[in-house]
Amino acid sequence: MAASRLPARGNARSLRFLLVAVGAGLAIGIATSVAQGSLPQTLTPLSNSTGTWCLGAFALALLERDPRRAALIGFASLIAMLAGYALATELRGFPVGTSMFGRWGAAAVIAGPALGIGAAWLRGPAPLRAAAGVAPIAGILLGGYGGAWLHPADASVPFASRPLTEAGATLGVGIVVVVPASSCGIAETARIARYMAGESAGQCGPCVFGLPAIADDLELLAAGRGDAELLARLDRRCGEVAGRGACRHPDGVVRLVRSALDVFAGDVRDHATGHACAGHRASTVLQFPSAGSARVGAA
Ligand code: SF4
């Protein structure tokens, strides 16, 4: 009798989790639409990046320990986000293109279950599976473009100031971007460095000259076209810029770049020896206020 009740109880709980995921997905989709155009410029990546939805689906799938049920949650939450976003956008009087349904529908079918299974594995007892659970993620950008990269293995670090600081990251402006393994963390960092170099107010030499030089080095590294001195030069330039601006703008960039060199260390070694990954040609998952700032990997 008791044995026959257990699966029924488990099914009821899974149904509750699924309903929670669909409800939360709808809310995230609606919030994304409403936030677009209303958030301050520095927070727009929160409403425009694919990472926000992927992180949402991953977090909701953490409700389930069973990989099959978590895969369903990953899929259903992404579909719900898409439905919520489309509904809210239409109600706000903006048209929703069919291409968006195609793109995100495909992402829900392909990435949703993968994110769900990864989340279930992360909760499981097997350390190797837990590591594999976050394998679809290349890195996690915390604190916005003046923040720091976090290794996927640190995905379970509590989202609070102290634990993040201990992990070498920062809450910063509160923005989280999950970068998939199909992207290149070095190329994304180069795009951010180039964008941030253009955001200088042009008052201090280390910032005016240092940040573009750092962006140059990162773009060469991302493309696998660096010379033998590139990594040493990049490290030296970071040291020359850090702490020498009248404000902390360059310090944030240096922190981000140094964290990238650490989190993507394996990729850095490959790129530095001319073996750039295919991801450096992928479209960016980041959002920049001005067109043209994301040059790396552009056709
Ligand atoms: S360090 Fe700050 S004040 Fe100096 S140029 Fe850069 S952004 Fe401007």
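The buried residues of H11 are Pro250, Gly252, Val253, Val254, Arg255, Leu256, Val257, Ser259, Ala260, Leu261 and Val263, in what is a predicted model. With 11 of its 15 residues buried, H11 is mostly covered, and its buried residues pack against strand S1 (137–142), strand S2 (148–150), H8, H9, helix H10 (230–241) and H12. The length of H11 can be checked as well: at 1.5 Å a residue, its 15 residues should span 21 Å, and because the end C-alpha atoms are 21 Å apart, the two values agree.

Helix H12 (residues 265–272) has Asp267, Val268 and His271 as buried residues. These three cover an arc of only 105° around the axis, which means that they lie on the same side of H12. An α-helix has 3.6 residues a turn, so residues three or four places apart point the same way. The buried residues of H12 pack against helix H8 (185–198), helix H9 (205–223) and helix H11 (249–263), whereas the face turned away from the buried side carries the exposed residues Ala265, Gly266 and Arg269. After H12 comes Gly274, whose phi is positive, near 90°.

Turning to the core, the largest nonpolar core holds 82 residues, of which Ala61, Ile186 and Ala193 touch the most other members. Helix H4 (residues 67–91) supplies the largest share of this core, 12 residues. Because domain 1 (2–135) and domain 2 (139–281) both give residues to this core, it lies between them. Leaving aside its neighbours within four places in sequence, Ala61 is in contact with Ala70, Ile73, Gly74, Leu115, Gly116, Ala119 and Ala120.

How values were computed: Residues are numbered from 1 along each chain as its sequence is written. This is a predicted model: local features need pLDDT of at least 70, side-chain atom pairs count only at pLDDT 80 or more; totals for chains, interfaces and linings use all residues. A residue is buried if 20 or more other C-beta atoms lie within 10 Å of its own, exposed if 12 or fewer, and partly exposed in between; C-beta atoms are placed from the backbone. Helices (H or I, at least four residues) and strands (E, at least two) are DSSP runs, numbered from the N terminus. The arc is that of the directions from the helix axis to the C-beta atoms. Two residues are in contact if their C-beta atoms, placed from the backbone, lie within 7 Å. The expected span of a helix is 1.5 Å times one less than its number of residues. A nonpolar core is a set of buried Ala, Val, Leu, Ile, Met, Phe, Trp, Tyr and Cys residues joined through C-beta atoms within 7 Å. Domain bounds come from an automatic or database domain assignment.
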